Structures are given as structure tokens and as C-alpha cells.
Amino acid sequence: DKAVSWFAVGCYYLLTRKLDLSWQYFNKSKSIDSHFAPAWIGFGHAFAAQEESDQAKAAYRTAARLFEGSHQPLLFIGMEYLRTSSLNLANVFLDKAAAVCRTDPLVYNEQGVVLYKRGMYEEAIESFNAVLERVSGDAMSQWHATLFNMGHCYRKLQQYDTALEQYETALRLSPNNPS
């Protein structure tokens, strides 16, 4: 038995939203190799999907210790704090993730969401633009929510024409998405 095999099974169940089974297989993966950091991240995702925030953050912290130099565990901790509206702590971890990796668009997107929730709409737009600078081509369709978020920022700034442009672009990129 290899940890990566059970990790793959856990990922399947996470993607199919069978969260109890995903947790079980991530747990098996980490019990085979307690230093297999991807299993800890998967474990954290399974807890986060069940809104078990404390357990998710604990799993991500373990992954951070095992994945020294990786921004992903820090990013996921920040996202979990953001999900629970702990904006100050979310910002701390997202800033740490950005300091480690300046190329991941998800870091900038999450920082933009924090800024939006703080009412800092112009700064949020800058962060969302940083996302769009890091993606191109076919990958752009995966970031329609970022354009939608920018539309919200422009709407809050009463720049309605620009907001409408952002919404329409997001709709063109993902016409079947209800957001």
C-alpha cells in the first residue's frame, strides 16, 4: 500500500462530495505516511467542505510544517479564516502565501475578497486585476468569478457602466454559471 494511492481515492470522494469517505481515505493515506503532505491538505479540504474549520486549519498547519516553502497550506489557512469572516487572520496568512509565491492567481483573488469585505473596493480591484494578469487564454474562463467580483467593486464605487462590462465579460466566459 502506498500513501499516494489512498490519497487519490480520497480525492475522488472529495470531488464527488462523499466527504465522510474522502476523510477516511485521506486518513488512511496519512496513517501510511504521516509525512505525506498532500494527504494533510486533502484532509483539510475534506474538513473545510464539512465546515469543520478548526480541524481544517489544524490539517493545513500540519501540511505547512511538512511542506516548508510551499504557499499552498498558508493560502488554505487564509481561505478558511476568510470563510469564517476572520478577516485580520485571513489577511495575515494570505500575505504570507503571497510572500512565498507571487505567481498564484488564487492568492490575489482571495486577497481581493478580503479587501472587498473590508469595503476597500479600489484596492480589491487592483488585487483582482493582478489575478487577470496571471491567467490567459482558455484558463481565463475559470476566473469568471473574479470578473464578477470586480463588477461588484465597481458597482459599490457607483461606476455602473464599468460594473456592467465586468458582469457581461464574466457571463461570456461562463454562460452557464448562475452567478
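**View 1. Helices α6 and α7 pack against each other in this predicted model**. Their axes lie 10 Å apart, at an angle of about 155°. Angles over 145 degrees count as roughly antiparallel, and α6 and α7 are therefore roughly antiparallel to each other. Their crossing is left-handed.

**View 2. Residues where α6 meets α7**. From α6 come Leu-87, Ala-90, Asn-91, Leu-94, Asp-95, Ala-97 and Ala-98. From α7 come Val-107, Glu-110, Gln-111, Val-114 and Lys-117. Sorted by class, the contact holds seven nonpolar, two polar and three charged residues.

**View 3. Helix α7, residues 105-117**. The helix has 13 residues. From first C-alpha to last, α7 reaches 19 Å, close to the 18 Å expected at 1.5 Å a residue. Helix α7 is mostly covered, with 10 of its 13 residues buried. Among them are Pro-105, Tyr-108, Asn-109, Gly-112 and Leu-115. The cover includes α5, α6, α8 (121-133) and α9 (144-156).

**View 4. Helices α5 (residues 72-83) and α6 (residues 87-100) cross**. Their axes come within 8 Å, and the crossing angle is roughly 160°. The two helices are therefore roughly antiparallel to each other. This crossing is left-handed.

**View 5. Residues where α5 meets α6**. Helix α5 brings Leu-74, Leu-75, Ile-77, Gly-78, Met-79, Tyr-81 and Leu-82. Helix α6 brings Leu-87, Leu-89, Ala-90, Phe-93, Leu-94, Lys-96, Ala-97 and Val-100. By class, there are 13 nonpolar residues, one polar and one charged.

Technical notes. Residues numbered from 1 in each chain as written. Predicted model: local features only at pLDDT ≥ 70, side-chain atom pairs only at ≥ 80, totals over all residues. Heavy atoms only, no water. Axes fitted to C-alpha atoms, helices over the stretch in contact; angles between N-to-C directions. Helix = DSSP H or I, 4+ residues; strand = E, 2+ residues; numbered from the N terminus. Parallel < 35°, antiparallel > 145°, perpendicular 65-115°, else oblique. Left-handed = near helix turned anticlockwise from the far one by under 90°. Contact = heavy atoms within 4.5 Å. Nonpolar A, V, L, I, M, F, W, Y, C, P; charged D, E, K, R; others polar. Expected span 1.5 Å × (residues − 1). Buried < 20%, exposed > 50% of the residue type's maximum accessible area, 1.4 Å probe, protein only.
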